[in-house]
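Subject: Structure handover

Hello,

Here is the structure for your files. My notes follow below it.

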Amino acid sequence: MADALADGAHDDTPVAEVTELPPELKASDLLDAGLEVLDRSGGSAVPVLDSQAHQVVGWLTHQAALTALRADVASGPQATPGEVSPA
Amino acid sequence: MFVVNADTAGRRTGGGPPPPQLYGVPRYLSAVHFFAREARGHGVPEVMYAVARKGGRIAPQVAAVKALASALCIGGGGSVGREGPIVQIGAALGSTLGRVVKVAEPRMRVLVACGAAGGIAATFNAPLAGVLFAMELILADFAAQSFGMVVLASVTASIIGRAALGNTPFLQLPAFTVQHLWQYALFAVLGLLCGGAGVLFTRVLYLIEDACDAIWRGPEWLRPAAGGLLLGLLLLVLRQMYGVGYPVLAAEVAGTYTIGFLLVLLVGKMVATSLTIGIGGSGGVFAPSLFIGAMLGTAFGEVMHLLAPAVAGPVGAYGLIGMGAVFAGAARAPITAVIIMFELTGEYSIILPLMSAIVLASAFSRRISADTIYTLKLRRRGVDLSSPAQGTPRADAISVSKVMLAVPDGVPESATLQDAALALARSDQGVLPVLDATGAYRHRGPSARARWPTPWPTEPTTTRPSLR
């Protein structure tokens, strides 16, 4: 977009012409997948859709992902790895 | 006291042919089954798990039960080593001490490592190897502070061990020197072979363990007795498999056996150790891997002697390097492997081929197998020590919906670039969704259009769905 604006001739160009379609996520996806999509998209945020892809339900940003991964032990929802049980 | 106990059991079996009536005697009691199930098996993985995932907490009774179980198992002829038991015993004592004096979790881990280091240092009379084993395998960390404490534990244990058992290396090995530059190439090939053998040993161990699990249908506490009979038969055929096997090892490196017999011993040891552990015995895999390595190395050396007598050099050197390299291949602990072989031989001249073979063995083993002989046991129970520890929020355990923010205002696709630039400048993220004329968001999915919700009126930073 900066490229398009730089020459001053495109100020009135509709934004649709420079739009990129980012990869998207489903709300049920894990953050693992979210990080990968964020990485792949090259942008700093990607849209999150509901399970039928009918509605955009949120916006996953780099910042939100970082915050979640740094969240306190007690606060973040997390799985407990399997205990070592006697065979 | 437990240290001495397990140790003398090992030495006694090493002292000569054991009384035949001991073969196959259902010697392993059900103590393990009832009092401390962690004491089953080889020991090191349980300690690695306790340190990595449980803040170093190990039940105090593990020390007593493990000492009894492994003394009975090794003393009764089980073809396993002492390092696993002693690491677990030392670690349990360290953990118990930590519990009594109420230390914080990081200190608890170091105490567990101290116990393990002290155990190895005293049993093998190898203070350096004890320290590095604890740092490389148990703590998986070389922080200077923990190093100091582990060294202190190792030195103290060595001094006491030497006072009680005398200052003799646990294995007497002849010294060798490299006589020909070509030998480096041969040692490198041996290193690769040994890396493969280490991985093979790991596979055979768990394969036989699985087979034992699959075949045995009776009560668990009777299994060692039934398995003991089978192991006894194997020991009758191959006496060299009895116990820890250091005397056989020494004889082998000295070049007493023929190539064919060495290979028989190699396979025999893999099977005997796996069977001992598979039937529920308690013992380590370090000594067996040294044993396998010595056999492979010596056999390799003898073959090289036949092929290239001019450059091959002494056969024993190959045996020695094979020992360290197979351990490195199985446990992927190159630092410990180099140091323990160096400590055993006290021979500086062998350090160059030793290091190169061991590093090659570890690298090759990593190439062909994701897990080591220690971590595979944990992996099979669903624990992956290489993944972030419990307590760290994990990206594969949080759903995107818990993390995502409220959607920002969209930009109509008919907007001009200039307007869009302004909106973008005001946005938090430097990216904004572009909406079509109906206010829908066009995406890549099959339905291609999704409704864009009315943005929340307040700033996104204050309306983000909370993680808490």
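How far does helix 16 (residues 351-368) of chain B reach from its first C-alpha to its last? It reaches 26 Å over 18 residues, close to the 26 Å expected at 1.5 Å a residue. The expected span is 1.5 Å times one less than the number of residues. Helices are DSSP runs (H or I, at least four residues), and strands are runs of E, at least two, numbered from the N terminus.

The model is predicted: local features need pLDDT of at least 70, side-chain atom pairs count only at pLDDT 80 or more, and totals for chains, interfaces and linings use all residues. Residues are numbered from 1 along each chain as its sequence is written, while chains are lettered from A and ligands numbered from 1 in the order written.

Buried residues of helix 16 of chain B include B:P353, B:L354 and B:F364 (buried: 20 or more other C-beta atoms within 10 Å of the residue's own, C-beta atoms being placed from the backbone). The buried residues of this helix pack against helix 9, helix 14 (315-331) and helix 15 (334-345) of chain B (contact: C-beta atoms, placed from the backbone, within 7 Å).

Helix 9 (residues 182-215) of chain B also meets helix 13 (residues 286-307) of chain B: their axes come within 10 Å and cross at roughly 140°. Axes are lines fitted to C-alpha atoms over the stretch in contact, with angles from 0 to 180 degrees between N-to-C directions. Among the residues making the contact are B:L186 and B:F201 of helix 9, and B:I292 and B:M304 of helix 13.

Chain A has 3 helices and 3 strands, in the order α-β-α-β-β-α. Of its 87 residues, 25% count as buried.

Best wishes

Key: Two residues are in contact if their C-beta atoms, placed from the backbone, lie within 7 Å. A residue is buried if 20 or more other C-beta atoms lie within 10 Å of its own, exposed if 12 or fewer, and partly exposed in between; C-beta atoms are placed from the backbone.
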